[in-house]
Amino acid sequence: MCRSMAENVADIREKMARAALAAGRSPSEVLLCAACKTRTVETVRESAALPIDLFGENHVQELVEKTDAGAYLGKPGHFIGHLQTNKIKKVLGRAALIQSVDSEHLLLALEAAAAKADVHQDILLEVNIGGEASKSGITPEGLFPLLETAALQPHLHVKGLMAIPPVNDNDTENRRHLAAMRALFEKAAALRDDRIAMNILSMGMSDDFENAILEGSTLVRIGTAIYGARDYSKK
């Protein structure tokens, strides 16, 4: 398994570098996040020895389990799934970055919990760029009011944006959504507000990470292409 993962990661790294160079960017500008939902502690620990920059968890209990077990081998662990307010305390301070802050309600609940715990937490704001009812995320129109509110929270530090574009086999349609996210990211960066940073644009998964890099992504979240198909029967 380790050799197979090593080959997969090497192939992904090569494709990432090629896409970055095609976009006139340095490959070092794009981080590889291993999306390790449902993967065991042992599998994640094996993958952490490979050239993976960080790990992303969709479920709070898996973040807790793998962090406490040292599965990431000292590399950062991000929370990338939908975060329920009743589970905030388990994620605060444990996740190096919460990528999925998708509403004012969650934002204010995070600030209240962070203030109580005296913790400073880095976050990304998640945008529902495709307007899909099945997905979380603020609307593009709602992003800037949410950014304004986020800038007022003393314990939360916005580091950029995250999105999951609609699944689409059509490259042109896929890149249209990715380009729209990049435009939002650039517009937010142009605000030049010292209280927020636009350092991270998290978009791109196993099926579209090359397109995402071509459109400006600085962090891609890849699971299946590293680990293989998930076995949900074990969860």
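Contact means heavy atoms within 4.5 Å. The model is predicted: local features need pLDDT of at least 70, side-chain atom pairs count only at pLDDT 80 or more, and totals for chains, interfaces and linings use all residues. Residues are numbered from 1 along each chain as its sequence is written, and side-chain values use heavy atoms, without hydrogens and water.

**Exercise 1.** Compare the span of helix α7 with the expected span.

Solution. Helices (H or I, at least four residues) are DSSP runs numbered from the N terminus, as are strands (E, at least two). Helix α7 covers residues 171-189, which is 19 residues.

**Exercise 2.** Which residues of α7 are buried, and why do they line one face?

Solution. Buried means under 20% relative accessible area, exposed over 50%, and partly exposed in between (1.4 Å probe, protein chains only). The buried residues of α7 are Asn174, His177, Leu178, Met181, Leu184, Phe185 and Ala188. Down the axis of α7 they fall within an arc of 110°, so they line one face of the helix; the arc is taken from the directions from the helix axis to the C-beta atoms. The face turned away carries the exposed Thr172 and Lys187. Cover for the buried residues includes β5 (121-127), α6 (140-151), β6 (156-163), β7 (200-202) and α8 (209-214).

**Exercise 3.** Is phenylalanine 55 buried or exposed?

Solution. Phenylalanine 55 lies in strand β2 (residues 54-57). Its relative accessibility is 0%, so phenylalanine 55 counts as buried. Not counting residues up to four places away in sequence, phenylalanine 55 touches residues including Cys33, Tyr72 and Tyr227.

Notes
The expected span of a helix is 1.5 Å times one less than its number of residues.
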